[in-house]
Amino acid sequence: MITIAVAKGYLLTETLHLLTKNGYRFSDDVLTTRKLFVDDSSNKLRLLLVRPWDVPAYVEHGAADLGVVGKDILLEQTPNIATIMDLSFGSCSLVIAGPETMNISDLTHNIIVASKFVNSATHYFRSRGIKATIVKLYGAIELAPLTGLSDVICDLTATGRTLKENSLKILDTVFTSTAHLIANPIGLKVHTKDIETLVQTLSHNHSKNT
Amino acid sequence: MKSHLTPFGVSDYTPNQTQEIRDILTCASTVFDHRLYKRIKTPTIEYFDSLERGLGDNLKKKTIKFFDKNGDVLILRPDNTTPIARLVATHMKEDPLPLKLCYMDPIFIQSSSSLDGGIARFQVGVEYIGEESLSADVDVIETCMDVLDKMGTIDYGIDIGHIELLHGLSDEKRHALLSNDYLSFGAIPKRGDDSIVYSSSILSSLSKRLKKHPSASRITYNTGLVKNLYYYTGVIFEVFDKNSKKVIASGGRYDNLLGKFGYPQPAVGFAIKVDAIRKKKR
């Protein structure tokens with residue numbers, strides 16, 4: 001049996017869609033269940049239903065053989081895992097955003113940045129030679145510049161709607177992201193055949209779609 | 001400080017835990033003696049200056065550094081092979097070759113998580129110096145397998161590759177392999193029996209010789225096995241525990257290292273991560 005850690009939410013819906021299309025069957029209540037893991041009807045796959053930020057830990061330390069997680073989280077955490085495939089869904093961008101009156105030239109020394117992506121934000125400003133102070137927040141990042149906690153934010157956006165609703169505009173894009181299939185390097189060796197078969201069916205179906 | 005905790009990355013060993021380490025060391029000692037590897041010891045503390053030339057960039061960064069009373073930079077031994085190369089080049093140039101040496105000492109490197117092994121990592125291993133023929137590679141790989149077999153309880157697999165399989169690959173592809181980025185590499189590298197490495201005459205001959213070993217069925221050839229390109233010049237191998245999914249030993253040929261200490265000699269060796277095995281056993 002192959003164990004796959006999947007980020008609950010949109011990525012789980014898309015992953016189930018992809019797996020179901022490839023002949024795997026799961027009980028109907030997977031998306032709503034309070035269970036922490038589910039097996040497919042043939043007992044070939046076990047899905048661990050975990051938080052997005054926890055997927056790399058499960059895979060890196062071998063509790064899961066495979067994982068489905070956004071590239072954004074991989075770039076932020078740089079876990080020691082093998083990257084297998086770009087699944088193309090779940091696309092979003094990590095952006096620097098600020099009040100509508102701001103421009104990219106206003107990103108200057110001693111700027112205060114609110115973000116959940118501390119490493120990515122630090123790297124962004126460091127590589128531009130700008131001294132920045134990062135305030136780590138866990139959610140509702142848009143509130144920070146509105147309340148004076150920070151000058152700008154470094155946050156994910158898919159459509160830009162939440163930013164607009166909070167009168168923030170995108171000043172720069174740090175990176176773009178899609179869901180990726182990752183593997184534990186040793187799990188990949190122990191289950192070579194099964195994982196290769198799974199990857200082949202997924203990429204076949206995948207290319208037919210795009 | 002009120003607590004009695006040990007610092008991050010190191011730990012105490014109670015009698016039971018110490019016994020587990022001793023059991024592993026006993027297995028290793030028996031095999032090393034049988035295969036005529038001689039035990040040597042290098043100091044825990046070294047001059048950064050003396051070892052720097054032998055350390056790759058990554059290891060240099062992870063080295064634990066401090067100063068002596070003259071302001072010279074001291075380091076804790078960050079691996080066993082580099083100090084042994086220094087020792088051989090300084091004290092053993094007159095000794096008849098080849099040299100078969102073994103060690104059982106911890107290494108110390110900066111670590112951000114105890115799950116990756118922490119700061120103090122106990123290692124046992126061998127270095128076979130002054131012999132470039134395949135017999136040395138065979139002896140080293142078999143010695144490693146003998147030690148693991150002697151412990152009895154480990155369901156391990158061993159992947160063997162060769163640096164020459166990377167020839168002709170662009171820097172980007174090599175980098176992709178090093179970081180296990182098979183998306184950028186374009187495919188999951190092929191693994192299988194020796195038929196997948198027929199293009200490498202060295203691996204084909206190596207495979208013939210290794211087939212006689214009782215644990216030969218644990219061997220898989222891997223066209224994408226790369227580790228530390230700064231070090232390795234020939235055969236590379238990596239041993240993993242199928243249950244814990246941890247790398248428990250690794251090794252390979254490093255023909256350029258001793259030259260950096262002024263005594264150019266071919267060499268091949270391996271190190272077993274004692275703690276990775278011990279944690280699994282529990």
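Into which domains is chain A divided? In this predicted model, chain A consists of domain 1, which covers 2–90 + 178–209, and domain 2, which covers 92–176. The legends below take up the two chains and their contacts in turn.

**View 1. Chain A as a whole, with its helices and strands.** The secondary structure of chain A comprises 8 helices and 11 strands. Along its principal axes, the C-alpha trace of this chain extends over about 55 × 35 × 30 Å. Chain A has 210 residues, of which 36% count as buried. When contacts in chain A between residues at least 6 apart in sequence are considered, 66% of them join residues that are at least 24 apart.

**View 2. The two domains of chain A and the contact between them.** Domain 1 of chain A is written in two stretches, 2–90 and 178–209, while domain 2 of chain A runs over 92–176. The C-alpha centres of these two domains of chain A are 30 Å apart. To the contact between them, domain 1 of chain A gives 4 residues and domain 2 of chain A gives 7 residues. Sorted by class, the residues on the side of domain 1 of chain A that touches domain 2 of chain A are 1 nonpolar, 1 polar and 2 charged.

**View 3. The contact between chain A and chain B.** Here 16 residues of chain A meet 15 residues of chain B. On the side of chain A that touches chain B, the elements giving two or more residues are strand 5 (82–86), helix 7 (185–190) and helix 8 (192–209) of chain A. By class, this side of chain A holds 7 nonpolar residues, together with 6 polar and 3 charged ones.

**View 4. Chain B as a whole, with its helices and strands.** The secondary structure of chain B consists of 9 helices and 12 strands. The C-alpha trace of chain B spans about 60 × 45 × 45 Å along its principal axes. A compact globule with 282 residues would have a radius of gyration near 19 Å, and chain B, which has 19 Å, agrees with that value.

**View 5. Burial and sequence separation in chain B.** Among the 282 residues of chain B, buried residues make up 39%. Of the contacts in chain B with a separation of 6 or more, 70% are accounted for by residues 24 or more positions apart.

Methods. Residues numbered from 1 in each chain as written. Chains lettered and ligands numbered in written order. Predicted model: local features only at pLDDT ≥ 70, side-chain atom pairs only at ≥ 80, totals over all residues. Helix = DSSP H or I, 4+ residues; strand = E, 2+ residues; numbered from the N terminus. Nonpolar A, V, L, I, M, F, W, Y, C, P; charged D, E, K, R; others polar. Domains from an automatic or database assignment. Rg over C-alpha atoms; globule rule 2.2 N^0.38 Å. Buried ≥ 20, exposed ≤ 12 C-beta atoms within 10 Å, placed from the backbone.
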